[in-house]
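Student: Can we go through this one together? I'd like to start with the charged pairs.

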Amino acid sequence: MSTTCPIRRSRRVGNSFYDMTMTDIQNNDTEKFIPRNIKMKGQKNEKNVETNAYGEIDFGRGKTIIAKYVRAAHDTDEQDLYDLLNKHWKLNPPNLIISVTGGAKNFALRTRLKEVFRKSLIKAAENTGAWITSGGTHVGVMKHVGKAVKSYATIQQDKKRVVTIGIAPWGAIFGNEKLVNKNTEQNNNMIQPPKVYDPDMAKLNQNENKQFTTLDYNHSHFILVDDGSTGESSYGTEIKLRAKLEKKIKKENPNVRIVCVVVQGGPGTLKTVNSTIKKDIPVVLVSGSRGCADVLASALKKGSDNLEEGYIEQIFEEFNYDRTDSCIELLKDCISKRELITVFELDPNDTSKDLDFAILDAVLRKKENDVNKNLDLAVAWNRSDYAKSHILYDGFIKKGIITEIFMGSVLLNDKHEFCKVLLDYGVNLKHVEIKKIVDLYKKDLESSGASGPQSRNYMSVMSDVGKRMAGLFGTSYASMYQEGNAESAEKYFDPYMEIFRWALLFNHREIAKYIWEYMHESMAAAVMATKILKALASTESNHEVKNQMLADADEYERHAVIILGKLFADNKSQAIDLLKTSLPRWGRLNCLHVAFEAKDKAFISHPAVQFYLDQIWSEGLMKENGRNRDACSTESGNSQSGGSSDNLCKQIVEFRITPAMTFWSNIAFYLLYLTLFSAVILSSYDVTPSTLEIVVVVWATIMMFDEIREVIGTGAGNFTGKDQHYFKNQWNYADILSFLLFYIGFITRWFGCSDCLYVALTLYCISFMIQCVRIIHIFAVNSTLGPKIIMVKKMIKDLLTFLFILTVFLLAYGVASQALLYPNETDVAQIIVGIIYKPYWQIYGELFLDEINYNPNLGSLTCNNTDNGLPRCPHESVVVPILSAVYLFFANILLLNLLIAMFSYTFDKVQSQGKEVWMFQRYSLIVDYCNRPPLPPPLVIFCFIYYACQYLKWYCKKKEQEDGANEEYGEQLREWEHWLAEKYIRETRKTADSTIDKKIEKLSDSQIKKPNEQIRCVTVIFDYRHLTACFWKNSKPPLIS
């Protein structure tokens, strides 16, 4: 069955498009609902009749804002209005209703107060999904509300409009006849076109009594209340219906909160406030706006018991307020319920306590409110400062509900400040289910456009995450989330680690920092973070985001280095065990391997790592016993256990595994190989291969098999991963090239042609040169020569950059000089020589002056322009010597000095951090020789035979190693690391809290706490962090046995 895509009609609405499908036009539910259910006041004493004004308003005059509206009788059933808002105008139920009331005439606000009011009002509505209700006209406080919405719409161009419902009296609207539908009886079943509402302001200004007003064009919806009256007598007819509608919304949505914001206002506003308070609805007074708001604020300061007659008169006179008996009684009634009234006073020195804070305080102050719902609303409002001062207290955290808020409202909406606050107050994430983590990934994947079907199970989503991690870490990353491996996933599942990883992958940087402070495996997590952030930064196109990622990576590396230092100072052997311990939650990698892949030079050059490298370099495995015998397991990170063997041969082999001995034996045999190779190409090269050449060929073949062994033995997963890992070492490119040239030369010599033997010799010579250069890697062992290798490497990069610049000058001069000296040359080889060969050698002093300054009378150049085998004579030119002088000036003086300057800068840069860089490169060398067979080529063939036998023996038995003891020991290491990491984090926080800004912040927080809350501040927080801090304050934790 085929389906047709609904035809969409669009028209501009503010800064977005209002779309209407053809299905909406055909069904026309709204157009049928309004005449049938919404009535207007009939003429004189007649009953209510079908409304004749509804649809959309186009305010014209370049204001491309479309607003919905309806004319309704003052006694309209509020259920019909609620259905209109919800079902037909498609407004989602609000979390909060901000009812703004006050002055109905134009009044001036102080500039700063006006800015704060507009900004805070929209901030409150945006953060909570609130509706703003007002009188809807373009005067008084309603005008300020409209301008606040306008400012928001200008800034947030691509977002939804704030729902602003204006409930205004129909009879007071100037030009309301423009809103009446045309031919209503004939068009009940048709979409009404937008009514252009552009009243003649000149006529309105001529109205001396100011009985009429206009609609505010920044409101999104209007309910125009009709009781049959017109002009000034119609004002106030909307108040009852407005109150009934707000009550209905609250009834239909019990979680909806209502707050009334009062700005300025007259006697009618005082009546409204009193009516609102009686309904148990909180009120916020904007102090400083004059009128009713200031009268009530001043009366609140005095208190209901102290409201003497003279003081009331003084207040009324001060604010030019009409004094009547009814107003006095209303004032006293309002003061009697002062707990429902919040006064907002503008504080120029504290911008954090703006009007939105006062609104939140008023909404959440009611004692019967559920504290968890209050916290949820504070999170939605993103007011962590309010939560700390008014909601949270020590012992408040309840496992289930708060965890839901943390995983939902906080993390899903990236409320990083609340993340820190709730973690500090002890929220425990250990019981978070993996499905909650999947929700985080699904949200970010959906927003990035990379999500699949939302119905996928959690293992499928997490498997994709594992693949993404493998893309960042390489195929050696073994994800614990694999289809059919749910048992392993549940065993190693750690909510803190998962949230930390999610925050890193999707750049929730602040959340990642806060979560890291509460993680186990803090050092490992910091090292992993450096790798993730650097890998993400390498593919990031936004330079600002890229630089921020790299800065965060440096910060995590600094944390890892400090924690490692504390671990090493506390217990050296356990610190080293942590460095090489495999991490199942991080792809079974270890810290050393990841730190090297991430190029964390500061971490690799740390004394703890260097101590470990020195240990395995010089001592090997004979002095490593028990659970940590495998000192060279830096790639896989797996610590193998097992007792010593009684086999004397095996003990000898294990002693030979010492990397230092392996290194020197390989160097000695490699020098012997190069000696034999040089003897072959110098004196033993003939048509028939000599015995010495055959020995060299066999030796090279064994070395090639050793290279293949190195590729296979990288432990990097599939072949693609092994291949990528192998070629990360740039020396391996030289190995491959040398072997390739060597075997091409060896094969070429058997072709039998006259020149084949010489070509083979040439290839042998080039291969020999590459293999000689390859021996430079041995300098990495020496702390003096090692940095020099790095300098040469970086200077080669500088040289390549220089060659691009030089090529421009070389080609410019070469083409010009060739064209002037040898015009109309047809020999391509001679053209190339003239363009490239000669200008290049001129840089080194071979100036070719006989050609440049050619004079046929001198006869200094042997040439002839006839075809007799001699080279062609150059053309006499005065310009070429000048071009040559200019070229040599730029090339020899300017560019070569530029190259020298580049080399000097590189030298100084490497020299300043030479020790650190050398230590980093030394790690690679030690790991390389640590994983090599004990015997050098060509004796390594015996090791290959031994390994083949061992593999067959293992394959036949398929013995599974017990790792229970290792896991228990690993858990002990994690706890020990966590204890010291917490100590470091506490010290860091203490240092941060000692700054002047933090002291001022704490002082301001303490001033806004209630007395009982001040008492709570000194109670003990009995969570794991503070308990361990108190317990180990004057003692050290027991060492792990």
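Predicted model: local features only at pLDDT ≥ 70, side-chain atom pairs only at ≥ 80, totals over all residues.

Student: Is Lys 244 buried or partly exposed?

Tutor: Partly exposed, at 32% relative accessible area. Glu 78 is partly exposed too, at 23%.

Student: Which residue does Arg 774 pair with?

Tutor: Asp 735, with the closest N and O atoms 2.8 Å apart. Arg 774 is in helix H33 and Asp 735 in helix H32, so the pair ties together parts 39 residues apart in sequence. Arg 774 has a relative accessible area of 7%, so it counts as buried, the cut-off being under 20%. Asp 735 is buried as well, at 8%.

Student: Which residues form a network of salt bridges?

Tutor: Arg 509, Glu 510, Lys 513, Asp 552 and Glu 555.

Student: New topic. What span should H18 have?

Tutor: Its 16 residues, 458–473, should span 22 Å at 1.5 Å a residue. The end C-alpha atoms are 22 Å apart, which agrees. Gly 474 follows H18, with a positive phi near 100°.

Student: And which residues of H18 are buried?

Tutor: Among them are Met 459, Val 465, Gly 466 and Phe 473.

Student: Last one: where does the largest share of the nonpolar surface patch come from?

Tutor: Helix H34, which gives seven residues. The patch has about 700 Å² of accessible area together. Leu 799 is one of its residues, and is partly exposed at 32%.

Methods
Residues numbered from 1 in each chain as written. Heavy atoms only, no water. Patch = residues over 30% accessible without salt bridge, like charges linked within 9 Å, V, L, I, M, F, W, Y side chains within 5 Å. Areas by Shrake-Rupley, 256 points an atom, 1.4 Å probe, with all protein chains shown as cover. Salt bridge = Lys/Arg side-chain N within 4 Å of Asp/Glu carboxyl O. Helix = DSSP H or I, 4+ residues; strand = E, 2+ residues; numbered from the N terminus. Buried < 20%, exposed > 50% of the residue type's maximum accessible area, 1.4 Å probe, protein only. Expected span 1.5 Å × (residues − 1).
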